[in-house]
Amino acid sequence: MKCNAIRLQKSILAVSYIYLALPVVLFFTGWCRWQFGIPLAAAVVCAVGLCLREHVRTDSPFLDTDTAVYHAGYRQWGKILLILGFVLAWTWLSGVGGYAWQNTDHPIRNQIFQLLMEETWPVVKEPDAAAGPRALIYYLGYWLPAAGIGKLCGPKAGWAAQYVWAVTGILLMYALLCLYRKKLSVWPLLVIIWFSGPDAAGMLLRSPEKFRILDTLSLDEWFGYYQFSSMTTQLFWVFNQAVPAWVLCMLVFLGEKPKNLVFVSSLAVLTSTFPFAGLVPFVLYFMVIRCVYKQTDVSKGGRQFICGKSRITGGRQFLTAEAGICLRDSVSLQNLAGTAVAAASLLYLAGNGSVEGSFPAIRSGKVMILLSGLGAAILTGIALAAGSGRIKRAAAHPYGKYVWKLSAAALGILA
């Protein structure tokens with residue numbers, strides 16, 4: 001039973017990585033020139049294996065060998081069937097796959113999915129002779145696996161695959177949550193489905209006279225473009241960005257390793273672009289804080305930081321030696337692959353007309369070369385610092401130590 005439990009945990013974790021990585025692999029092989037696409041796709045596949053190995057070789061919040069934990073929850077088929085039924089019904093009612101009523105956000109997504117099934121990849125259309133050919137540039141990663149099935153087996157199979165893909169993502173999200181809690185429960189899923197977002201509070205505080213329980217007014221209109229939508233609202237309106245982001249959030253917030261964080265986050269650029277942008281500060285924070293606490297040891301004298309052969313006591317101190325260790329623990333082959341994936345994905349999305357309108361400077365080739373050089377310089381510096389395992393203190397400046405402490409505090413580290 002212990003072996004079966006461990007095998008199940010590893011399978012859930014591996015399928016979660018594959019779920020996030022498969023759209024990226026399909027994009028690189030189906031949309032990019034083979035000289036670039038094949039190496040990038042191979043890097044993604046290898047990085048997935050390295051991410052899983054990182055959890056197997058070290059302590060992981062998603063893997064637990066305690067048989068007592070799984071003895072009580074092993075083969076709880078009633079709960080499993082109940083969870084599956086709730087997820088199937090929830091996704092069915094959302095309109096994903098076209099089996100139920102769809103709101104006004106679905107038609108444009110349906111057209112994109114139809115294009116992906118009918119046209120050759122990459123999708124390039126020529127609306128008129130004057131405008132010339134136009135490429136489809138969108139965060140389309142969610143649809144690629146289902147669209148591939150639609151190309152091979154017909155449109156009906158493609159629409160069914162889109163529904164199955166959403167159900168799979170939701171089940172993986174909830175399975176990761178159960179792995180972290182070390183317990184199989186149904187009530188957290190009910191909270192996820194039925195709990196409202198903070199938009200209700202915003203509407204009550206800003207426009208209480210408009211708040212009606214039985215009304216057509218959407219609660220998310222309380223503050224213009226800013227919304228705090230519930231998960232049901234996200235599934236019913238922006239499922240293509242929401243579902244992959246949920247799987248990523250489970251990994252990021254519940255204990256993903258620093259050596260994997262950059263890579264797994266980069267997989268969301270093509271599927272969940274806006275959630276990816278919102279997760280960047282959290283990813284940076286968790287990379288630093290988890291490296292810091294990895295170097296700690298709890299003893300009678302309080303928390304102690306261990307660095308090499310020396311032991312430094314006296315509260316939560318963050319010294320330059322620990323910074324070097326944290327940096328070294330964050331740099332990995334999979335994270336370096338993640339920077340390449342993110343760069344290629346963002347370069348593709350930069351061709352979107354709305355991006356060019358928002359950032360006119362991106363049209364300049366010199367600016368792109370400058371940004372690429374700056375990114376290469378940053379990566380080179382990180383690699384050199386990680387290789388040395390330390391960062392030298394800038395003591396020449398009289399206020400150097402205060403700058404260091406403020407920088408550490410800005411990253412969420414208590415100096």
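Me: At what angle do helix α6 (residues 144-153) and α7 pack?
Reply: This is a predicted model, in which local features need pLDDT of at least 70 and side-chain atom pairs count only at pLDDT 80 or more, while totals for chains, interfaces and linings use all residues. Residues are numbered from 1 along each chain as its sequence is written, and side-chain values use heavy atoms, with hydrogens and water left out. Helices are DSSP runs of H or I with at least four residues, numbered from the N terminus; their axes are lines fitted to C-alpha atoms over the stretch in contact, and angles run from 0 to 180 degrees between N-to-C directions. The axes of α6 and α7 lie 7 Å apart, and the angle is about 155°.

Me: How is α6 oriented to α7?
Reply: The angle is about 155°. Angles under 35 degrees count as roughly parallel, over 145 as roughly antiparallel, 65 to 115 as roughly perpendicular and the rest as oblique. Therefore α6 is, relative to α7, roughly antiparallel.

Me: Which residues in α7 meet α6?
Reply: Contact means heavy atoms within 4.5 Å. From α6 come Pro145, Ala146, Ile149, Gly150 and Cys153. Their partners in α7 are Pro155, Ala157, Gly158, Ala161, Gln162 and Trp165.

Me: How do the axes of helix α4 (residues 77-94) and helix α7 (residues 155-181) cross, and at roughly what angle?
Reply: The two axes come within 10 Å. Their angle makes α4 oblique to α7. The value is roughly 135°.

Me: Which residues of α7 make the contact with α4?
Reply: The α4 side consists of Ile83, Leu84, Val87, Leu88, Trp90, Thr91 and Trp92. The α7 side consists of Tyr163, Ala166, Val167, Ile170, Leu171 and Tyr174.

Me: Is Gln241 buried or exposed, and what is its relative accessible area?
Reply: Gln241 sits in helix α11 (residues 239-254). Leaving aside neighbours within four places in sequence, Gln241 is in contact with Tyr139, Thr271, Ser272, Thr273, Phe274 and Pro275. Gln241 is buried, because its relative accessible area is 8%.

Me: How far is the backbone nitrogen of Phe274 from a polar atom of the side chain of Gln241?
Reply: Phe274 is one of the residues in contact with Gln241. The backbone nitrogen of Phe274 and a polar side-chain atom of Gln241 are separated by 3.2 Å.

Definitions and conventions:
Helices (H or I, at least four residues) and strands (E, at least two) are DSSP runs, numbered from the N terminus. Buried means under 20% relative accessible area, exposed over 50%, partly exposed in between (1.4 Å probe, protein chains only). A polar contact is a pair of N or O atoms within 3.5 Å; within protein, one must be able to donate a hydrogen and the other to accept it, and residues adjacent in sequence count only if both atoms are side-chain atoms.
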